[in-house]
Amino acid sequence: MSVSSALSRLPAPRTDNAGDPDGGGWPAWLQDHLDLTWRTSEWRQDCWLFTGSVYEPRSSVSLCRTAACDTVVSPANIFCPFCKEEQKRSPLPVAEFARTFVPVRNRVAFGGVPEQCRFTKDGQRCVRPRHCKELCSTHYTQWKTHTTRKAAGRWEDTAVPYADTPACPAPACPLPGLYGRGLCRQHAQRFREHRRTHPDAAVAPWAAQQPPYLAPHQFSLLPLPEPLRWEVLYGLQQVDPWLRIFEPPQVRRMVRDLAGTGTLIGDITDQQMCPRSTVAVLRMLGRVRTAVRAGHAQYTGTAPAQDDVLDLRALGQRSRTPAGIRHHKTVDLRTIRQPWLRGLLRTWTVQQRPGADEFARTLRGVELASRALAQRPGTDDPARLRYDDVTAVVEAFRTALKLDGEPAGWNYRMSISSHFFALIDYGRRSGTADTLSAAFVRDPALHRIPEQEANEDEIGKAIPEPVIRQLDAHLHLLGLGRARGQRTLAPEDLQLMYGTLYILLRDTGRRPLEVCSLPRDCLETRNDQISLVWNNHKARRHRRRLPITTPTAHAIRTWQERREQLHTSLPPTGADYLFPALTHLATRPYLHTSYLSETLRDWADAIPHLHGEGTDTQGNPLPYDRSLIYAYAFRHSYAQRHADAGTPLDVLRELMDHKSVSTTQRYYTVSLKRKRDAVTKLAAHVVDNHGRPSPSSDTAYELRSVAVPYGGCTEPSNVKAAGGSCPIRFQCAGCGFYRPDPSYLPAIEQHINELRADRETAQAMDAAEFVHHRPHRPDHRLRAGHRPHAAPPRRPPRRTTSGDRRSQHHPAQSPRRPHPHPPAAHHRLQDRPGMNPRGNPHTLAQARRRASLDKRQRALTALTTLEQQGKKITHAAVARTAGVSTWLTYTEGVREHIEAAQQRQHPTTPSPDRTRSTTATLRTELELARQEIRTLREDRDRMKQAVQHQLGQQLDDFDTRHLTERVDELTRNNQRLEDSLQQATDDNHRLRARVATLETDLAAARTSLRRMIREENTNR
């Protein structure tokens, strides 16, 4: 069967209404292909309303993050508006606030059940919801009117309780219809606006097309015209499996922006269709339009597989995740120059529906084969292909490059080769490529891609131990920031989980997948020895045992205890794993390795400074390449650490769980071959402690020496004890049996450079004299006449055990000892505070005293000026005139003068009655309070800046005691400023609340007045 015959099986094009999306056939086709079982607990087809459910895991809907709040929010795991405002004002951390805060509302939240009106008459109580003063809106209006007009009698005598609550005629509107024309408050306002342009509009037809009052987790398709409404619903049902989380707010914004659109099947772009939409809304719109276009192509009979541009998502291509391909992905087959090869790939894609990885490898192989065949004549005809053409294709696979231009690995080249020839075999079996030449077949013996041998001299991937120590120092940052899993676990739980993962990677050397898939009970204790039970997925060897240290086991047990407490909030599929999956949509029951890799990368980027080994010419530490920190690199570090410590190769192979020793040797940089070469070369260049040559043979050097820091020791008793019996307590630089190792010259020079840098730093910091004459400084060593390679170590080597002595009898057969550590942290002078102990602490105090006196004098002068001008004297007016902070006018020495001036200006003026304040007065006071707050903040910022400048100029002149006293004084001043600001903020909130109450009363009065006017007009 040829390619043309295979494509002929696709449905034939339709002719009726094929190009008219607005015709009757297209909407009917959409209605026939709708999924009636789509989200039945959330979607209501009768009123075109979607209400997100907190019990649907794939909807971004949940209850408020506050434990005691039952308000539904979307997106999930956020605070509701009320709790968000309270959280901003609360000093508690977010997690503590969410656990302890109990909201007390003065209004019923959306979806809540309001209390009934308290009005009762003749034993019957009004059933309508409360509005104000514990009364419904109707009874509140009657009470307000009766009280305002001071009518005779009681208002209850004319009021009657209501036995029902009228519903708003808008479909599914949850608000009661207690306003004009039986509408709710929202729809009544909308209808008034509609009547301005349509005076003769009726209420019932208009309300039937109006969406209800929507909450954040709802959206309605009623605002869209009839054809577009069906298209959007069909598109949402089709894209729902592609989405990881369905977000109702994004759909609601998309419906809002599509209000003026007729159809989604147009040639305009998404940006032109919704120019004001956000990126998230445009992404959702693109997915919906892709699904609608695919459905329209199916309706018209134009299959997407007949084009040279394939939409893989529309074709239903599978992915490793159950959600499929989430991003819009098209493949242009026109890059394949041979028509027969292009048609073969197209037919295979349509009929086989390959997965994403399989299709990517096959496409890459076809592209490389097409380029190789394009350089040979007659390759457009499949019947003219020959054996040499197969050789050219295989050669292209052998020299394949990555997309970034680097040589591809052997596994990748073998994969694309096997996928390409599997495609050729499929064409022959299915009859799609029945005209393909029989000579176009590969030879298993000749058309092979040889595997490259590993280079023993290449640089390893292990993370240096100094870098790991820096990572350990910043372990508290792991799990913060952009850590994966924030929607499921609290920040402290994420820190504990990722910290445990890091410790396992560092201390066990297991692969990332092996660490993430550890069983829940992964610790085993036998004879007081703790072992880690793990599974080798790569070699399919399960239930392996690895000895671990007590701190590592303690970290695992700490996470196990916390995991038991989090059991109810985690998906049940991961109940058997130590690190379970964090979402219900995970494809594996345990934590995916991408979570760990991305979190480690973000953590490494968030560390402020990360230094590598070595220093530059000025003695500064070199920065470390953060891209070299990834999860698998810790496995190389584990192997390198054991190799440097002298672990035998066969033991290291068992620890790494390798079958071959050669595989283990690739995990650390110093191989056995290089060690023997080093010993052979070193034997001819051995010197004594005075620098005189003392050569020896290879065998003699191995038999009579033992490894010590920076060289070897030939003292007989110490050699016999494997380095554990030094007669002069490891003072190698002054020993005649010490043989320095010339290979350590770079390390010794680097160490001396660091000591010189320490000395220069101490001199620049004017440090004490004893710091310059501390032991082992470089000038002392050089004046003594020692050579650089004979420098003594900074600390004596540790005493070895019996097992170490057995491994040290032959230095050439054990990995090299690590170089001595750099100077301890408490000897580094740059870690000391950079301040001068000499100085005078009174300068800053005098400056502050002069500034305070100047501000007080300006305040008193401004007070006199205002009193002479006859203006109203207030604290704020004095502060504005003098250009000082308002809190200064309330201090002793200034407040008395202002109060006296106020008494002289208004001796008998009574205090205003705050209960009779008007709205304008409250707004004026609110504006004054805001202005005072802004003034306080500006003064605070100016004071902080002035203090910072003065502290920077005078910092070297203060000792620790005076500086501490000054910091305490500034802290007290800052606290006073914060108290003043908090008081002003509280006043602002009280004024806002009073303004809101007044506005509510005003709105109710207006409503009552309009109703009374309407009733009077009706009675007339």
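In this predicted model, the buried residues of helix α6 pack against α7, which spans residues 203–208. Helix α6 itself covers residues 185–197. Its buried residues include Q186 and H187. A188 and F191 in α6 are buried as well.

A second pair of helices was examined next. Helix α12 runs over residues 339–352, and α15 over residues 410–430. The axes of α12 and α15 lie 10 Å apart. The two helices pack at an angle of about 85°. That angle makes α12 roughly perpendicular to α15, because values from 65 to 115 degrees count as such. From α12, the residues W340, L341, L344, L345, T347, W348, Q351 and Q352 take part in the contact. On the α15 side they meet F420, L423, I424, Y426 and G427. Sorted by class, this contact holds 9 nonpolar and 4 polar residues. It has no charged residues.

The loop that joins α15 to α16 (465–473) contains A439. This residue is partly exposed. Its relative accessible area is 30%, and it is therefore neither buried, which requires a value under 20%, nor exposed, which requires one over 50%. A439 and Y387 are 52 residues apart along the chain. Even so, their C-alpha atoms are separated by 5.4 Å. Apart from neighbours within four places in sequence, A439 is in contact with L385, R386, Y387 and V390.

Helix α17 comprises 18 residues, numbered 491–508. From the first C-alpha to the last, α17 reaches 25 Å. This is close to the 26 Å expected at 1.5 Å a residue. Of the 18 residues in α17, 13 are buried, so the helix is largely enclosed by the rest of the structure.

The protein exposes about 56,800 Å² in total. Carbon and sulfur atoms supply 52% of that area.

Conventions:
Residues are numbered from 1 along each chain as its sequence is written. This is a predicted model: local features need pLDDT of at least 70, side-chain atom pairs count only at pLDDT 80 or more; totals for chains, interfaces and linings use all residues. Side-chain values use heavy atoms; hydrogens and water are left out. Helices (H or I, at least four residues) and strands (E, at least two) are DSSP runs, numbered from the N terminus. Buried means under 20% relative accessible area, exposed over 50%, partly exposed in between (1.4 Å probe, protein chains only). Contact means heavy atoms within 4.5 Å. Accessible areas come from the Shrake-Rupley method with a 1.4 Å probe; for residues, only the protein chains shown count as cover. The expected span of a helix is 1.5 Å times one less than its number of residues. Axes are lines fitted to C-alpha atoms, for helices over the stretch in contact, and angles run from 0 to 180 degrees between N-to-C directions. Angles under 35 degrees count as roughly parallel, over 145 as roughly antiparallel, 65 to 115 as roughly perpendicular and the rest as oblique. Ala, Val, Leu, Ile, Met, Phe, Trp, Tyr, Cys and Pro count as nonpolar, Asp, Glu, Lys and Arg as charged, and the others, Gly among them, as polar.
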